[in-house]
Amino acid sequence: MAIRDLLWSCPLCGLEGGLRRGKHEDVCAGCGARFRRGRGSEIVVETADGRTERRPAAEWAALLPAAPRPGGAGEWRRERVFARFATGEAPVYRGGDLLGGVERLGPPLPGELALTAEDLVLRLDSGEMQRWPLDRLTAVQMSSGTLQIKARDEELTTFRFPDGSARLWEESVAAALRARYRAAGRGDIVEFQPRIVAR
Amino acid sequence: MILYRFFQHLVRAGWPLIGHLEVHGLENVPEHGPFLLIANHQSILDPILVQAIVRRPLYTMAKSTQFTGRVMGWLMPRMLAFPVRRYRVDPQSVRVTLRHLARGDGVGVYIEGERSWDGRLQPPRLGTVRLVLKAGVPVIPCGVSGTYEVWPRWHRGLRRAPVCVSFGAPIPFPKLDHRADREGALPNTAAALMAAVREQLEFADRRIESRALRR
């Protein structure tokens, strides 16, 4: 994972998804500030005008808004991704004891992911398309730098964002789901994993 | 078990390369009998470190994606980890936990369910709270401080930093066999667990701060 996952919005200029992968650091596409890790959990920021600021990660994170700003009726977000679809599960044993199941993931497939107020849409470079209506999502989470979604009666799908922030997407999908549940009178979502629960 | 013991020794011997390690309250971990060790989660290093410190074998719940790949798929079970699928209700992980406890083993669970992004304590996973009420075994609260400075979630790479791990006195919780009873006890149990973990974490934080002031 990367600093752009912690700081899914630039703490200096406020651009959501502003931090993009640079050569050795993350760089804000809005204000040009460069972010790198310092000592411990310190994040060192060099602004475009030459200033340097050092703060603990928690202090930078505290400057972020509580959630991404919801989008309008149309497309809210779009990003290049590598998608992997679970094809089943493999059992895990220790000695003769079954410990559980581990998802088998297919190969990474390049494409573009888009989020609207109603759904997530994946358009693969191969031309195939897959759509997940937000109402059918049963879980949303980040894991090992990827966004994982689970829809009703479907297997797990993961998305890796080579240049963007998986966490911004997790927060954005969560915000879209909250808005949708409230608008539908289904209550406030209190959990997103292991499954979406609203009260 | 030989491999597990080897890694315990390796981590204990090698940790000084990462930084100073302080351990408090290890005597609170029972030498015999089942227990649930409930800890906060700041870093990928937490389970490795806690397992190395606790002399008894500690079975640990880990996310299922940690078991993918040939090497990790082989290694994780031998490190006494068992998978939990975090994107769905996973009764198998509960069964495995209860099976270990019935055998008299200790099981480690990270109550936040995932690593903290900013190092601060996050709300508890209610599934863990339900597990505590279903199991009815002593809970050892554990605070791990400093691993966020060594290896935070948002960066690959180690930095040297002092770490402190603190274990609190065992806390008994009732065994509630009926789902309705567990749901009714959920809020108070969650609050009690988080208060216990927070107490250990804050103690560990203070130990690190006082060490920094002395230097």
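**Chains A and B: the interface and aromatic pairs**

Me: How many salt bridges are there between chain B and chain A?
Reply: The model is a predicted one. One example joins the side chains of Arg88(B) and Glu89(A), with 3.4 Å from N to O. This distance is within the 4 Å limit that the definition sets. Between chain B and chain A the count is three salt bridges.

Me: Which three residues supply 26% of the area that chain B buries against chain A?
Reply: The two chains bury about 3500 Å² between them, and 51% of it is on carbon and sulfur atoms. More of chain B's share comes from one set of three residues than from any other three. They are Tyr87(B), Trp117(B) and Trp154(B).

Me: Which element gives the most to the side of chain B that touches chain A?
Reply: Across the interface, 23 residue pairs are in polar contact. On chain B, β3, β4, α4 and α6 each supply at least two residues of the side that touches chain A. With four residues, the element that gives the most is α4(B).

Me: Is Trp132(A) buried or exposed?
Reply: Trp132(A) forms a stacked aromatic pair with Phe85(A), with 20° between the planes. Phe85(A) lies in strand β6 and Trp132(A) in strand β10 of chain A, so the pair ties together parts that are 47 residues apart in sequence. Phe85(A) has a relative accessible area of 21% and is partly exposed. Buried means under 20%, and Trp132(A), at 1%, is therefore buried.

Methods: Residues are numbered from 1 along each chain as its sequence is written. Chains are lettered from A and ligands numbered from 1 in the order in which they are written. This is a predicted model: local features need pLDDT of at least 70, side-chain atom pairs count only at pLDDT 80 or more; totals for chains, interfaces and linings use all residues. Side-chain values use heavy atoms; hydrogens and water are left out. Buried area is the accessible area (1.4 Å probe) that two parts lose on being put together, summed over both. A polar contact is a pair of N or O atoms within 3.5 Å; within protein, one must be able to donate a hydrogen and the other to accept it, and residues adjacent in sequence count only if both atoms are side-chain atoms. Rings of Phe, Tyr and Trp (its six-membered ring) pair if their centres lie within 6.5 Å; planes under 30 degrees apart count as stacked, over 60 as edge-to-face and the rest as tilted. Buried means under 20% relative accessible area, exposed over 50%, partly exposed in between (1.4 Å probe, protein chains only).
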